[in-house]
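Keep the model open and follow along.

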Amino acid sequence: MKSTLQAYWKFIEYYRGLFDIPVVALTGTCGKTTTKEMIKHMASKDWNVQASISSKNEPRQSLPYLIGIDETTKAAVFELGLGNTGNIKHQCMIYRPTIGIITNIGVHHLDGCKNLEGYIKAKSEILEGIAEDGTLIINADDDNTKKIPLHTFKGKIITIGVHSKADYKASNMQFINNGMKFTLQVAKEKYSVFVPGYGEHQVYNAVAAIVAVKEMGMSIQHAISRLKTFKPMARHLEMSTGLKGSTIVDDTWTNNPTSVEAALKVLDTIGKDKKIILILGDIKRLGLFEEKYHREIGSMVAERNIQMLITIGKRAEHIAEQAKKDGTAAEVHVFKDVAGVLELLKPKLDQDTIVLIKGPMSSRSMIEFANHLKEI
């Protein structure tokens, strides 16, 4: 068995060593897949780019993705999956990235990493996985990213930000038709940028992607030009027209406290002068901290002008309980599953109503329910 394992790693070392190309590896609680797809979109016009598929980022996928690199490949971009401590280290040993990105560090996979400190430590494994003369791109605004031991990284660190001082700083953010417009400052240069898709979080994704392709050899101006034609990913705050002209916001791609907060911030802007209905499902993989983080979301909901809160699932009941405890003005309904939700919703919908539906990627019923709402 030992010799088989040695042969496996010897082959990986040999195969990866055949290619002297930029390889980007991304980790983070939110934004990985979108940022990866932006990089791929911008770079693919000039280069043959090998990339991980969608959010399929489990460590077992790493070798097949690596072998997808051939003599025609000019760049590669891979998303790193984290379920347990050691996963990122393992994947970096396979990919040997030249550029690393940490989009942000929120809360997720606490069942595999025990607690937030363990999760931050697991994310920081990327530091030793990037080539010694490589580049690390980090979010200067993210509090948990500041807790990783950046002093141990031997390469170049580039910061992005909106609120803090950063090497690439975004400002003057505006919600315009189908996306965000903002100013990007790099040293003394200023650029006007448009990124399809709504939210401050989408601006962070865009800036991280621009930095990555710049480090891969593309000019900032070219990157900005190509970003305009990026198509936002399905079920990432995807907006559609529903029954009676209502707006349905489908955000069923993933569910964790960071992404819920990002979705609520988008609603703060696009939901002004609208009636807002939230449909929130269970957040999984929070280990012993399940109740704590669901309750924190309940408090976030209570702070806002929301007309109706519907929770679906046992864990999500804590969201409803806390929202009521904090004095929400919303009408609150608790469901075990999606059965009966449509009947409750129908009379409430009109063209002045926005419905956000957010549930775990594993919940086929919530995904199908969101699709049904869009098809009515």
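Helix α2 (residues 32-43) and helix α9 (residues 220-227) cross at roughly 110°, and their axes come within 9 Å. Axes here are lines fitted to C-alpha atoms, for helices over the stretch in contact, with angles running from 0 to 180 degrees between N-to-C directions. That makes α2 roughly perpendicular to α9; the label covers 65 to 115 degrees, while under 35 counts as roughly parallel, over 145 as roughly antiparallel and the rest as oblique. The helices (H or I, at least four residues) and strands (E, at least two) are DSSP runs, numbered from the N terminus.

Bear in mind that this is a predicted model, where local features need pLDDT of at least 70 and side-chain atom pairs count only at pLDDT 80 or more, while totals for chains, interfaces and linings use all residues. Residues are numbered from 1 along each chain as its sequence is written, and side-chain values use heavy atoms, with hydrogens and water left out.

Who touches whom at that crossing? On the α2 side there are Met 38, His 41 and Met 42, and they meet Ala 223, Arg 226 and Leu 227 in α9, contact meaning heavy atoms within 4.5 Å. By class, the residues of this contact divide into four nonpolar, one polar and one charged. Nonpolar means Ala, Val, Leu, Ile, Met, Phe, Trp, Tyr, Cys and Pro, charged means Asp, Glu, Lys and Arg, and the others, Gly among them, are polar.

Pro 257, Val 260, Glu 261 and Leu 264 of α10 make the contact with Tyr 293, Ile 297 and Met 300 of α11. Here the classes come out as six nonpolar, no polar and one charged. Tyr 293 also has Lys 292 over its ring face, at 5.1 Å from the ring centre; the rule asks for NZ of Lys or CZ of Arg within 6 Å of the centre and within 35 degrees of the ring normal.

On to the rings. Rings of Phe, Tyr and Trp (its six-membered ring) pair if their centres lie within 6.5 Å, with planes under 30 degrees apart called stacked, over 60 edge-to-face and the rest tilted. The count by this rule is seven aromatic pairs. One of them is stacked: Phe 78 and Tyr 95, at 4.1 Å centre to centre with 10° between the planes. Phe 78 sits in strand β3 (residues 75-79) and Tyr 95 in helix α4 (residues 87-95), 17 residues apart. Both Phe 78 and Tyr 95 are buried, that is, under 20% relative accessible area, whereas exposed is over 50% and partly exposed lies in between (1.4 Å probe, protein chains only). Elsewhere, ring pairs link Phe 11, Tyr 15 and Phe 19 into a cluster.

Is Ser 55 buried or exposed? Although Ser 55 is in the loop between β2 (49-51) and α3 (62-67), it counts as buried, at 18% relative accessibility. Beyond its neighbours within four places in sequence, Ser 55 is in contact with Thr 33, Glu 79, Trp 253 and Met 361.

Last, the backbone: most residues other than glycine have a negative phi. Lys 114, not a glycine, has a positive phi of about 75°, and this exposed residue has a relative accessible area of 68%.
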